[in-house]
Amino acid sequence: MTAYAEKNTAITGVGMSEVSRGATKSALALTVDAAMAAIRDAGLTRAEIDGIATWPGEQANASGFSAVGCAALQDALRLKVGWYAGGGEAPGQYGAVFNAVGAITAGLCRNVLIFRTMYEATARKTAFANSLLKSGERQSGPFAWYAPYYTYAASLQQALFFNLYVHKSGIRPEQVAQVPINQRRNAGLNPNAVYRTPITLEDYLASPLIATPLRLYDCDVPCDGAVAIIVSRMDVARTLRNPPVRIEAIGSSMQYRNSWTQLDALDTQAQPKVAEMMWSRTDLKPADVDIAQLYDGFTYHTLNWLENFGFCERYGAKDFIEGGRRIALEGELPVNTGGGALSGGRLHAYGAVHEACSQLWGRGGTRQVKGDPQVCATSTAGGPLAGAMLLVRD
Amino acid sequence: MDTPPAPARTLPAIDKDNCAYWTGGEHGRLMICRCGQCGYYVHPPVPFCPQCESSDVAPEPVSGRGRIASFTVNHKIWVPGLPTPSVLALVALDEQDDVRLVCNITHCNPDAVRFDMPVVVWFEHHEDLWVPFFRPVEQAA
């Protein structure tokens, strides 16, 4: 089990900017903060960063979805690199990490700076900036099929999939609620989280219905913030200051129809084959996982990942999360220990990687999971996009 | 206070492959690409059959009937005048259920919409296009 490229790479440093519902700094300044924090955390200097990767790359529009790309960061930090890449056509947000694994393996670089910057909180103060539909413009691309039907936001489209999951699994709202309730409790112990005041079942049930069965508290929180991580070649990683967080296995496949309408299994999305691929590249099993940072763009994604990773059986998430005990910090599988995107802020799966490393390095403070966690399952994305990583601290 | 008018429908950009789908309604026909060799329906439309590799694929009219594969009832007023509640759905075509069409379900109470409900197409004219919508079969004229 040593032939896989990812086993020769490790996360060696992480950094996060301030995260807020309205930043005092620009998106680029937040990105610089996160990047320098990660470089210093790894014990590296700018001169030793020889690769840059991001997902989905700079998008020059008002949405704040991806305001900073490789070029802007490279210039701000005056990096001199052997390889760089940013692009959205990849296995979800972790596509940038998988690209970096390939580039390191190809000998193009040794220490890759990977980042994700969100500036959606500021963007939304001025306009319905993330609207999928632009007034007066004809729509191209995969969402064109949704265009005439008032599908203004991804939440509406994802509610289509969520509803089928509810229909097939029989999950009840009070069971779904355990995901956001648990994460808000965790966020209360995370000084960098956006929303930290505990919520109750009553709060969840009273939160506005967006599109059945999706409620406001099922949705992640748009924020301003940036996360950076350093992925290094293993021989370099072993010389640095943090114990390497090895990328033990990745899931990057596209085995299903990559479509927001024709996706093979609407209710499980693209995740099952991705999870299967990840487990096929390691001797570890679901029972070996100490903590999980599962994608939570919507609560439904987290439920999906619990099942698709094999932590419970298909449609068994409702029982697994019942009462919230198993997924709590002191439970058998602590989930989204920093509050996740639902409460910590929508850092789009990179907040999850930051939290994974924080826990594996014992930096969780009052939210630190007991028992010295070593193995973390992480996942990203919904719909036809999915990516997964198993991280193991040496 | 005046109620704002319902927002304009955003229309898709038309190309050589999807044109028949968005214009067939002029003649009351739902046009779906089909392989002339093996009969497989190819959607979204592309002149290549993924089953038999034939390029003999062209739009042809289908029954316009299907079943609701999934749906959601939107309650949020995303823009002024947006009618709520309204139903966004994916309809699986009777001819081949892995052909799923996005639509609004109309002519019925949103609370009455169910999984697997039989529905039938109708069209609304917008600019140069005829946008397909679906309504319950029992409500059809």
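This is a predicted model: local features need pLDDT of at least 70, side-chain atom pairs count only at pLDDT 80 or more; totals for chains, interfaces and linings use all residues.
I started with A:Ile114 and, skipping its neighbours within four places in sequence, found it in contact with A:Ala53, A:Thr54, A:Ala96, A:Val97, A:Ala100, A:Ala228, A:Ile229 and A:Val231. Contact here means that the C-beta atoms, placed from the backbone, lie within 7 Å.

Residues are numbered from 1 along each chain as its sequence is written, while chains are lettered from A and ligands numbered from 1 in the order in which they are written.

Next I looked up the largest nonpolar core, which has 171 residues. Such a core is a set of buried Ala, Val, Leu, Ile, Met, Phe, Trp, Tyr and Cys residues joined through C-beta atoms within 7 Å. A:Ile114 turned up again, listed with A:Val112 and A:Leu113 as having the most contacts inside the core.

Is H14(A) mostly covered or mostly open? Mostly covered: eleven of its eleven residues are buried, meaning 20 or more other C-beta atoms lie within 10 Å of a residue's own. Among them are A:Tyr350, A:His354 and A:Glu355. Just after H14(A), I found A:Gly362 with a positive phi of about 70 degrees.

Last stop, the interface: 26 residues of chain B are in contact with 28 residues of chain A. On chain B's side, the largest share, six residues, comes from E3(B), a strand (a DSSP run of E, at least two residues).

Conventions. A residue is buried if 20 or more other C-beta atoms lie within 10 Å of its own, exposed if 12 or fewer, and partly exposed in between; C-beta atoms are placed from the backbone. Helices (H or I, at least four residues) and strands (E, at least two) are DSSP runs, numbered from the N terminus. Two residues are in contact if their C-beta atoms, placed from the backbone, lie within 7 Å.
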